[in-house]
Amino acid sequence: MADDVTSDDAPYVTIVLPCYNEQDHVVTEVERICAAMDGSGYSYELLAVDDASTDETLLRLRDAEPRFPRLRVMSFEHNGGAGTVRRIGSQRARGEIVVWTDADMSYPNERIPELVAILDKDPDIDQVVGARTQEAGTHKLLRVPTKWLIRKLAERLTNTRIPDLNSGLRAFRRDVARPYLRLLPPGFSCVTTITLAFLSNQHPVRYVPIEYATRSGSSKFHFVRDAYRYILQVLRMVMYFNPLNVLMPPALWLLGIGALKGVYDVVSDPVYIRNNTIMLVLTGLMIASMALLADLIVRSRNNGT
């Protein structure tokens, strides 16, 4: 089917590959991706972006470029982060389907054609995510429960089951993702952002179980800083698309507690309402008002676009 919908001038698939200090394995990763795609029948381009590496990553990509006709190499003068690479790569993609993955040998990139095939065969699916069946990163004892808590928070706020919130291997339709690319942060939480953007706007997402290997080279993940950014990004994205889910629950809790406290105050002293009861009710009313105003702004923005 792919041969019918694209030509060599307009590839059907664009694979965006962020590269930062990956000199020892980046060419191996390029070979693995190209071998899988060459055998798939899908026309493609592999956009390898060197994010101002301090080693020989860019040199080795340039040396490999003549051997891989589908490989396009870009380079940044300043380090912009994985999110910046994926945003610019997706904006410059020529393929109808965009694939994100990593160059550290951790994801089964030989399965990229499988993700593409799901989108190719089912027009009702807008994104396919490789959901990891195990965690193989650094700081595993802290990382696993923290990611679980963030994922559960995202599920609660989006009312959707999310097997893997921040997998780096995914394929999606370029035209569907285009309005959300400007929302991508520069760091690792860009994958969380694109997941929540699709889910919050009712774009169907399918999850495919994948194995996750120990990465080659040193990890760029900083536990405290990146976990903090993940949490902020989940809240930011849900606030951007559905602020009632974030603000209304605490508002109702405060109003409920204030009402119960008010009943207790009246029973204990009919002529005196305590200050903390008034503060609970007023705070709940303020947050509820903010929630309704934010929801009105979101609806007006959506109607305007």
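Select helix H4, residues 82-91. Its buried residues are Ala82, Gly83, Thr84, Val85, Arg86, Ile88, Gly89 and Ser90. Buried means under 20% relative accessible area, with exposed over 50% and partly exposed in between, using a 1.4 Å probe and protein chains only. Eight of the 10 residues of H4 are buried, so the helix is largely enclosed by the rest of the structure. Helices (H or I, at least four residues) and strands (E, at least two) are DSSP runs numbered from the N terminus.

Two notes before moving on. This is a predicted model, in which local features need pLDDT of at least 70 and side-chain atom pairs count only at pLDDT 80 or more, while totals for chains, interfaces and linings use all residues. Residues are numbered from 1 along each chain as its sequence is written, and side-chain values use heavy atoms, with hydrogens and water left out.

**The core**

Select Trp100 and Phe198. They have the most contacts inside the largest nonpolar core, which has 45 residues. Such a core is a set of buried Ala, Val, Leu, Ile, Met, Phe, Trp, Tyr and Cys residues joined through side-chain atoms within 4.5 Å. Helix H8, residues 190-200, gives the most to this core: seven residues. A second, separate core has 36 residues, including Val26, Tyr44, Val99 and Ile210.

Stay on Trp100. Leaving aside neighbours within four places in sequence, its contacts (heavy atoms within 4.5 Å) include Arg86, Ser90, Phe172 and Ile194.

**Rings**

Now show the aromatic side chains. Rings of Phe, Tyr and Trp (its six-membered ring) pair if their centres lie within 6.5 Å; planes under 30 degrees apart count as stacked, over 60 as edge-to-face and the rest as tilted. How many aromatic pairs are there by this rule? The count is seven. One of them joins Tyr12 and Tyr42, stacked at 5.8 Å centre to centre with 20° between the planes. Tyr12 is in the loop between H1 (2-5) and E1 (13-19), and Tyr42 in the loop between H2 (26-38) and E2 (44-50), so the pair ties together parts 30 residues apart in sequence. Both tyrosines, Tyr12 and Tyr42, are buried.

Next, select Trp100, Phe172, Tyr180, Phe198, Tyr240 and Phe241. Ring pairs link these residues into a cluster.

Then pick Arg132. It lies over the face of Tyr212, 5.0 Å from the ring centre. A charge sits over a ring if NZ of Lys or CZ of Arg is within 6 Å of the ring centre and within 35 degrees of the ring normal.

Go to Leu46 in strand E2. Leu46 is buried, at 0% relative accessible area. Val30 is 16 residues away in sequence and 8.2 Å away in space, C-alpha to C-alpha.

Jump to Asp126, in the loop between H5 (112-121) and E5 (127-132). Asp126 is buried too, at 10% relative accessible area. Beyond four places in sequence, its contacts include Arg173, Phe198 and His203.

Select H10, residues 243-268. Its 26 residues reach 38 Å from first C-alpha to last, close to the 38 Å expected at 1.5 Å a residue. The expected span is 1.5 Å times one less than the number of residues.

Residues 238-258 are 95% helix and 0% strand, with end C-alpha atoms 27 Å apart. Residues 278-298 are 100% helix and 0% strand, with ends 30 Å apart, C-alpha to C-alpha.
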